[in-house]
Amino acid sequence: MGVTEKTGLAEKCCVNTKGTDAFVGVKCQDGDIRIHFPLGYHLGKCEKEIRRDILLLFAVLASFTKKRDSVLQGQAKNYEEVDFPMQSYLHLIRDFLTRGYYREREARYQVDGTGKIHWGRTIKTRKPYIQDLDVCYLDFVTRKSQDKEDELLTRIHEYCVYESFQKVGWLFTASMPAPPRIGKKDRVFKQVLRDKIAATYQDRNRQLFGHMLAIMEYKGDPSSGQNYRYGTYRFEYVWEKMIDRAFGIPDKAEYFPRTWWSLKDGIHPNACLEPDTIMILEEKVFVLDAKYYKYGITGDPRDLPESASINKQITYGEYVAMLSRQKDFPKKHGKDVEVYNAFLMPYDAVSEIWADRVEDIFPAAVHRILKEAGEEVQEDRYRCAGEERSLGMRCIGEAWSDWKDRTEAYMRIKGILIDMKALMCLAVRREKDGSRRLAELIAAGGEPGSCEADSLRTAMFTGKTEDGWGDIG
């Protein structure tokens with residue numbers, strides 16, 4: 001199989017700028033492949049970086065989507081985007097490019113042949129020569145391993161590899177492997193693979209057979225041919241889950257405000273309000289609301305969270321503040337607990353619309369200005385999908401309501417933009433490296449609508465924060 005240098009990945013990719021209900025993932029329609037990235041994603045500049053971007057997107061979709069997220073209500077047809085075995089296709093291609101086709105090996109024995117001497121068979125089947133007290137063999141049985149070319153499992157592997165290249169081979173090469181020598185035989189293939197998985201103890205082969213079985217078990221739409229979709233129309237759920245994994249505590253049920261109806265026949269509970277994420281750092285509790293809104297892309301205030309969201313967030317904060325005054329709470333989190341609120345929205349940290357907003361305090365512009373002035377800057381950077389960029393959090397202001405006097409921190413809800421690619425990297429790697437930085441940004445002082453935070457400036461420019469960033473893997 002020949003491999004071409006260019007696959008035109010950049011031409012297949014686009015970043016969503018339209019709205020929160022746009023499709024995110026990969027679509028193939030009549031052979032035309034399009035990869036749709038979420039709001040605020042910054043694509044790499046070369047084929048290698050874009051390939052890593054696509055793999056990062058697939059990893060996020062595999063980790064954070066469920067079938068319910070991919071069903072578009074009101075549509076005549078429900079697409080099985082998440083059931084599509086994307087990770088299995090990718091594994092088959094990578095394994096094939098590294099090891100080639102799987103071959104069963106058989107041992108062949110012969111007398112006086114080339115290969116390793118098999119002493120057990122030699123002693124059992126060959127006559128020794130005895131001289132004095134020495135025993136010697138003049139004829140040896142040798143053992144040699146040989147590939148079993150016609151083994152059924154090899155042919156199943158050929159089928160699965162070809163199927164994988166048909167679906168996602170474009171990500172690696174424009175060429176295709178040879179067509180399989182056997183057509184699809186569902187029941188036979190599945191049984192062979194299940195038997196082989198049960199009898200195999202080598203982890204690498206066992207994993208390979210598991211992915212082959214996943215491909216065989218994917219049904220899809222028989223009438224769709226090579227058309228497929230892998231992704232979701234509800235990426236706001238993915239955004240919420242990534243925020244929760246990157247910053248949240250695992251058990252947050254105690255922070256849910258609850259309500260009841262008292263009727264003649266008894267007490268009836270209602271569904272509780274559930275904040276997206278609770279982050280706790282030292283003696284501070286942060287109630288985080290993940291908003292997959294367009295403000296970070298448009299800069300238009302009309303794309304910010306509306307009154308209903310602001311008032312609900314204040315309710316969350318007020319409830320946590322009430323909890324902090326109860327007996328057991330100080331034992332867990334300290335006596336003087338402060339409660340903060342924030343909306344977290346996506347954006348591209350190096351996009352042009354934010355390049356000149358130095359007052360928003362984030363390194364992209366501030367570091368550049370300081371460097372031009374000849375000052376040394378300790379930059380906090382991360383390496384993500386092959387591209388080194390600034391960390392990517394920015395405070396854009398705060399929201400409040402006229403029914404609260406803003407004397408408590410939770411009554412002023414900070415608006416925070418987070419770089420989409422940065423968060424995707426953190427969430428896939430299951431790291432919480434950004435918690436301290438986010439906490440400092442939310443807790444920073446300043447008048448409503450401003451983003452002044454001298455303590456954060458000091459932390460960023462001296463490198464005194466403890467958390468760091470690394471390769472995505």
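At what angle do helix α4 and helix α6 pack, and how far apart are their axes? Some notes on that and a few other spots follow.

1. Before anything else, keep in mind that this is a predicted model. The protein chain averages a pLDDT of 76, and 74% of the residues score at least 70.

2. On the overall make-up: the protein chain has 16 helices and 18 strands. Of its 473 residues, 47% are buried. If you take the contacts with a separation of 6 or more, 74% of them are between residues 24 or more positions apart.

3. Back to the opening question. Helix α4 (residues 86-99) packs on helix α6 (residues 152-168) at an angle of about 115°, and their axes are 9 Å apart. Angles of 65 to 115 degrees count as roughly perpendicular, so that is how α4 and α6 are described. The crossing of α4 past α6 is left-handed. On the α4 side, the contact uses M86, Y89, L90, L92, I93, D95, F96 and L97. The α6 side brings H157, C160, V161, E163, S164, F165, K167 and V168. Sorted by class, the residues of this contact are 11 nonpolar, two polar and three charged.

4. Next, helix α2 (residues 47-64) against helix α9 (residues 235-247). Their axes come within 10 Å and cross at roughly 85°, so α2 and α9 are roughly perpendicular to each other. From α2, the contact draws on V60, S63 and F64, while α9 supplies V238, K241, M242 and R245. That gives four nonpolar, one polar and two charged residues in the contact of α2 with α9.

5. α9 has another partner to look at, helix α14 (residues 420-428). Here the axes come within 9 Å and cross at roughly 60°. α9 and α14 are therefore oblique to each other, and α9 passes α14 in a left-handed crossing. The residues that meet are F235, W239, M242, I243, R245, A246 and F247 in α9, with M420, L423, M424, L426 and A427 in α14. By class, this contact has 11 nonpolar and one charged residues, with no polar ones. While you have α9 on screen, have a look at M242 and R245: they are listed in the contact with α2 and again in the contact with α14.

6. Is Y230 buried or exposed? Y230 lies in strand β9 (residues 228-232). Its relative accessible area is 3%, so Y230 is buried. Y230 and F23 are 207 residues apart in sequence, but C-alpha to C-alpha the distance in space is 9.6 Å.

7. I280 sits in strand β12 (residues 277-281). The relative accessibility of I280 is 24%, so I280 counts as partly exposed; the cut-off for buried is under 20%. V337 is 57 residues from I280 in sequence, and their C-alpha atoms are 10.0 Å apart in space.

Note on methods:
Residues numbered from 1 in each chain as written. Predicted model: local features only at pLDDT ≥ 70, side-chain atom pairs only at ≥ 80, totals over all residues. Heavy atoms only, no water. Axes fitted to C-alpha atoms, helices over the stretch in contact; angles between N-to-C directions. Helix = DSSP H or I, 4+ residues; strand = E, 2+ residues; numbered from the N terminus. Parallel < 35°, antiparallel > 145°, perpendicular 65-115°, else oblique. Left-handed = near helix turned anticlockwise from the far one by under 90°. Contact = heavy atoms within 4.5 Å. Nonpolar A, V, L, I, M, F, W, Y, C, P; charged D, E, K, R; others polar. pLDDT = per-residue confidence, 0-100. Buried < 20%, exposed > 50% of the residue type's maximum accessible area, 1.4 Å probe, protein only.
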